[in-house]
Amino acid sequence: MSNAPPSQPPPPVIPPPPTDGLRLNLGCGQNLRAGFVNVDKFGSPDVRHDLELFPWPFADSSAREVVLNHVLEHLGQQSDVFLGIVKELHRVCMNGAIVRIAVPHPRSDDFLNDPTHVRPITPVLWTAFSKRMNRFWGRIGAANSPLGLYLDVDFELGAVQLDLSPPWVKRMRDQKLTPAQLNESAAQYNNVVQQIRMEVIVLK
Ligand SMILES: C[S@@+](CC[C@H](N)C(=O)[O-])C[C@H]1O[C@@H](n2cnc3c(N)ncnc32)[C@H](O)[C@@H]1O
């Protein structure tokens, strides 16, 4: 048997989604969702709460689904507050709960032009909160901060969808680019991807 460090992390083990429990629409703004507890620090939501203040007014393991639609990039300018939000998200969610996040792409004008955006939110960010990835990094000597282990939270990234800006939708529709060329463009240029939608699964 080889003592060499593994070159790949083990595959994630994803629990089935819970079938009952709260559905939270955090930072709902004026888009209240039926069947959800709509939460915001302004306006007339179901629950008025500042998500940067802890604890959130929900019991441990009470939520099966959380929606954060163009909200997370506004929260936690200070890293400690952002980490507190991640801890609260984990605390209020059930094992297998789905967190549905939509954000502007960090290299889009939609992200850059809003002074209340405090940090980019990317799919890869969630690997820092995955104990599976944190342990893998430990085994291979990677320098990444194992925030899942430090904070005792555990998340796995699920489906990711990239919504292209209109000119790039047209280029793809006209078959001017291969998917590989599109990925390269999105990594190099602004305003290729407008919005990122990602699902994050809570593990407990
Ligand atoms: C860009 S809007 C998105 C609103 C809504 N999710 C939607 O899709 O239309 C961001 C929302 O997050 C809310 N928000 C920002 N910081 C917040 C905080 N600390 N606590 C609660 N809500 C907050 C704002 O009040 C605002 O309604």
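Q: What makes up the chain in terms of helices and strands?
A: This is a predicted model, and its chain has 6 helices and 7 strands. Following the sequence, they come in the order β-β-β-β-α-β-α-α-α-β-α-α-β.

Q: How do you know whether the chain agrees with a compact globule?
A: Compare two values. For 204 residues, a compact globule would have a radius of gyration near 17 Å; the chain has 18 Å, so the chain agrees with that expectation. Its C-alpha trace spans about 55 × 45 × 35 Å along the principal axes.

Q: Why is valine 160 called partly exposed?
A: Good one to work through! Buried means under 20% relative accessible area and exposed means over 50%. Valine 160 has 36%, which lies in between, so it is called partly exposed. This residue sits in strand β6 (residues 155–164).

Q: What makes Leu157, Val160 and Leu162 a nonpolar patch?
A: Patch residues need over 30% relative accessible area, and nonpolar side chains are joined within 5 Å. Together the three residues have about 220 Å² of accessible area on the surface.

Q: Which residues have the most contacts inside the largest nonpolar core?
A: They are Trp126 and Phe129, in a core of 38 residues. Helix α1 gives the largest share, 7 residues. As for Trp126, its partners beyond four places away in sequence include Leu72, Ile101, Phe155 and Val200. Another core, of 7 residues, lies apart, with Leu164 and Val192 among them.

Notes. Residues numbered from 1 in each chain as written. Predicted model: local features only at pLDDT ≥ 70, side-chain atom pairs only at ≥ 80, totals over all residues. Heavy atoms only, no water. Core = buried A, V, L, I, M, F, W, Y, C linked by side-chain atoms within 4.5 Å. Buried < 20%, exposed > 50% of the residue type's maximum accessible area, 1.4 Å probe, protein only. Helix = DSSP H or I, 4+ residues; strand = E, 2+ residues; numbered from the N terminus. Contact = heavy atoms within 4.5 Å. Patch = residues over 30% accessible without salt bridge, like charges linked within 9 Å, V, L, I, M, F, W, Y side chains within 5 Å. Areas by Shrake-Rupley, 256 points an atom, 1.4 Å probe, with all protein chains shown as cover. Salt bridge = Lys/Arg side-chain N within 4 Å of Asp/Glu carboxyl O. Rg over C-alpha atoms; globule rule 2.2 N^0.38 Å.
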